[in-house]
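Subject: Structure handover

Hello,

Here is the structure I said I would pass on. My notes on it follow below.

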Amino acid sequence: MTRGKTAVALDLPRPAALTAETPQAKGATIAAALRAAIVDGLLACGSRLPSSRTLATRWGVARGTVEASFDRLRAEGYVVRVQGAGTRVSAVLPDDCVAASAPPDHAPAQSSGGIPGTCVPAQRAPSSAAGAPTACASPAAADAHEPAVRAGVPFVARLADAALLPRAAWRRHLLAGLRAGDGSDAADGADAGSAPVQGLPALRRQIARYLGAHRGIACTPDDVIVTTGIRHALDLFARVTLRPGATVLVEDPCYPGARQLFALAGAEVVDVPVDRDGIDTDALTAHAGAAAVYVTPAHQSPLGVTLTPARRRALLDWAHATDAWIVEDDYDGEFSYLAAPLPALKALDAHGRVVYCGSFNKSLFSGLRIGFMVAPPALRAALAALLQLTGRAAGLHEQRALAGFIEAGDFARHLRTSRQAYLQRRDAILDQLRRHAPGRWAATGEHAGFHFVLWLAPDADAADLARRGAALGLRLQPLGALCRTVRLPPALVIGYTALTPAQARHAGRLLAQLLAPAPAAVP
């Protein structure tokens, strides 16, 4: 062992194809073997690969061939190489790794085997050991409605910025949808007044293609049900699957709307704590009779942590063993600011236990009122029947317009533009905090989504900060208001995506002034 470095075990067999004659072919084989190990989760996020010298010796190839393979994986985004620290698996994998293969016809959605077992590691919140943690709000207070999200209002602006919508392109697709709905063309399965109960076939095809290419979900249009948003999907699920007194597990802290919908359906809602790795899957073993668990694995609402690969596997195994449903709320999964968006939990669902919920209201504009769910075959007929009974559906012309918007590539372009804009707004706020209140805060969950958590000094009073902020025009939401039984240090939820850059800078400066220590009194 040289320079005191610890050897790294790599329990991978020597690839048979290394018998190829050319170094280029051998290098491609080594890169493919390591890439597959990363994608399949055999090499976890952040783990260190053996040195090129060690791997070359084990596999009987030249060191230069291994170096070339490492460089190729670095260029593709699978590993990072740091001088003196070796080669490690990246926290976020590239887009190619997220894509799912097509599922077999008339079969439940299956994992393609190409979904990574890695994710962005959640940053650790300030330890309670540094000071007494503040108790979270009472259960009654936690059930109160969240402050209404509003564009242009710091810091409850955690929604899509409608100003970023390419209006000319959207108008073009709306007009095309209106022309297609004049009754002269029924090729999309809809007449002039209504669409099939599961949604317009053209839109469901585009959603299925998008989910396969960008969220890693292998599904068919038949798996997709068009809704008016995520809350609509949760309501449909609750009415179809839950009986009075059924147990539903939810994250703590949690999105209040989900808790309220499950309670309205007559369920007993049980809190499960969330830590830096996501929902505590060990705690699930005490609830073997639960009907369902509700999770936000990509960017936990509100903590912003990402469910780790080990927790994802444990959650899926628990659901399969107990015959429980997993409701995956992927409310802002498209917005990752480090690299490619992470694949969905549904992408790993080999047993058809995950009900995946998404929304274009979150990615385009809130007034669109189009969402979707990917339903396992066992639930699809009942969900469609309830939709037919209630008559609640997304607008037909909007569905046609959205289908065209996605097919033309306008949606993908819009997402790229939005990610860049939201990243700049986030950075503007953090820059003001670094400049004017250094050492007074820590941020987590800022790697993705519409909000981050701002952790305060251990002795800070988040509720008092919110009251003082209101006098400055800031709407600050204490994290404690979203807790039920967990105790967390004082923090604020900072929503920023629907602020203009100027609003983000100004509000960030005002927030920093609140956090900065008061000037010493002049004697």
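Asp 323 and Arg 353 are joined by a salt bridge between their side chains, with N and O 3.3 Å apart; the term stands for a side-chain nitrogen of Lys or Arg within 4 Å of a carboxyl oxygen of Asp or Glu. Asp 323 sits in the loop between helix H10 (309–322) and strand E9 (325–329), and Arg 353 in the loop between E9 and strand E10 (354–359), so the bridge ties together parts 30 residues apart in sequence. Helices (H or I, at least four residues) and strands (E, at least two) are DSSP runs, numbered from the N terminus. Asp 323 is exposed at 55% relative accessibility, while Arg 353 is buried at 11%. Buried means under 20% relative accessible area, exposed over 50%, and partly exposed in between (1.4 Å probe, protein chains only).

This is a predicted model, in which local features need pLDDT of at least 70, side-chain atom pairs count only at pLDDT 80 or more, and totals for chains, interfaces and linings use all residues. Residues are numbered from 1 along each chain as its sequence is written, and side-chain values use heavy atoms, with hydrogens and water left out.

The whole structure has 17 salt bridges. Another of them pairs Asp 223 with Arg 380, at 2.5 Å from N to O. These two residues are 157 apart in the chain: Asp 223 is in the loop between H7 and strand E4 (224–227), and Arg 380 is in helix H12 (residues 377–390). Asp 223 is buried, with a relative accessible area of 3%, and Arg 380 also counts as buried, at 17%.

A further salt bridge links Asp 464 and Arg 467, whose closest N and O atoms are 3.8 Å apart. Both belong to helix H15 (residues 462–470), where three residues, or about one helical turn, separate them. Asp 464 is partly exposed at 29%, and Arg 467 is exposed at 54%.

On the nonpolar side, the largest core has 70 residues, and Phe 360, Leu 402 and Leu 511 have the most contacts inside it. A nonpolar core is a set of buried Ala, Val, Leu, Ile, Met, Phe, Trp, Tyr and Cys residues joined through side-chain atoms within 4.5 Å. Helix H14 (residues 410–436) gives the most to this core, with nine residues. Apart from this core lies another, of 32 residues, including Ala 233 and Met 373.

Helix H7 is mostly covered, with 10 of its 14 residues buried. Among them are Leu 203, Ile 207 and Leu 211.

Regards
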